[in-house]
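Hello,

Here is the structure we talked about handing over. My notes follow below it.

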Amino acid sequence: MSINQETQNNLVSNSHSALLGIQHLLAMYSGAVLVPLLIGGALKFSPAQMTYLISIDIFMCGLATFLQLFTNPVFGIGLPVVLGCAIQAVAPLQMIGQNFTIGTMYGAIIASAIFVFLIAGIFAKIRRFFPPLVTGTVITVIGLTLIPIGFVNLGGGSAAAKSFGASNNLIVGLFTIVVVLVCSVYAKGFISRIAVLIGLLLGTILASFMGMVSFQAVADASWFHFPQPFYFGTPRFELSSILTMIAISLVSLVESTGVFFALGDITKRSIGETDLKKGYRAEALAGILGGIFNTFPYTTFSQNVSLVQLSGIKSRQPIYYAAGFLMLLGLLPKIGAFATIIPTPVIGGATVIMFGMIAIQGIRMLEKVDFSNNKNILVAAISIGAGLGVSVEPNIFQGLPQTIRLIFSNGVVVASLCAVLLNLIIQPDKIKNPAESVKQQES
């Protein structure tokens, strides 16, 4: 009798974990599919290519999460984390794909991920060079430089098109924004956590009534497929593209460090250099596999941290379920094809909010900075000004060699370099020991 009771309790526990896993999946799903939608759209992928891209990306999100959950002496931090596409990689990957080839884009992803794997141990030691002043500035610039992409999508996807800014585009885009706003402000608990997903769904339904949605991609998609290495072609390795993605990868590591320590506080676990090193390596392995299977770099999703705290379940079991569900969905192209029918203005409405929230996240990190100190003001002001200036007018470096031009034509890279170097040059006395720096950042 007692054995049966114990089995029943385990079944209830597993059922609960499965439901929590679905919640984690839904919380990150919109962010996961938006990256392939944005990059595939910018590179003019066909519906069949978009279906594959989204499906394999969902699959890789699950696999990347497993790599981080599975602890061993080499990789895996073993915290309840969910991995997804790095949103800060959108603009540079679009730029590489448009200036070179798709193969160059994936070569840069693989090379930068190998670099991260090799320097993971070193980066775990030098994290003190990334205080809230640097990380807050960089994340603010990431959000601000992405917002114009959201607005272009809100208008229809191409500012040169005759239909750009048409009334139907603006109606469905603004309707999506309103839905996300209402769900976030007035809904309770779980519904508020998936406000973006609900906005995408209802915005697409409205667009379908306006004749803006075609289900042909869903009808044409197969029911099942296996991941195919180098689906879009073999990788090509170009120096400026690799250096650009290395810079973006380092920015992602800074962001992931904050998530690791936040989860360490929630789970009452001390996070040391060895943990960080294995966490960085897991993300690097995910990036290498992403390049091989023609997806994207992967990073720890901060939006899932709050779910761990809200649910009160701090074990990895729900995340194992979420990872398994993601991999299963990624093997079913018809499900991935549903994401391709979302009209561009609907995506624009959702991303304007999401990108704005990224900027606000950076501003919140900057609240921890003492701006009564003019040195701090100078570091932030110059870095943000340089990052936004380059994003608005990237042709300012058109007289430089192509390799240098590509690196410095990305506002996030420029802001990151400025913030790190200025912080080191202007106020070296502010570089404190690692534990104190991280404690400040996570407080």
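A cavity here is a set of points, on a 1 Å grid over the protein atoms alone, where a 1.4 Å probe fits but cannot get out. Volume is the space filled by probe spheres set on the points, with grid points joined across faces, edges and corners. This is a predicted model, in which local features need pLDDT of at least 70, side-chain atom pairs count only at pLDDT 80 or more, and totals for chains, interfaces and linings use all residues. Residues are numbered from 1 along each chain as its sequence is written, and side-chain values use heavy atoms, with hydrogens and water left out.

Cavities: the whole structure has three of 30 Å³ or more.

Helices (DSSP runs of H or I, at least four residues, numbered from the N terminus): the axes of α3 (90-99) and α4 (102-125) come within 7 Å and cross at roughly 135°. Axes are lines fitted to C-alpha atoms over the stretch in contact, and angles run from 0 to 180 degrees between N-to-C directions.

Val-134: this residue sits in helix α5 (residues 132-155). The C-alpha atoms of Val-134 and Ala-415 are 9.2 Å apart, although 281 residues separate them along the chain.

Regards

Note on methods: Helices (H or I, at least four residues) and strands (E, at least two) are DSSP runs, numbered from the N terminus. On a 1 Å grid over the protein atoms alone, a cavity is a set of points where a 1.4 Å probe fits but cannot get out, and a pocket is an open set with protein on both sides within 12 Å along at least five of seven lines; lining residues have an atom within 4 Å of a point.
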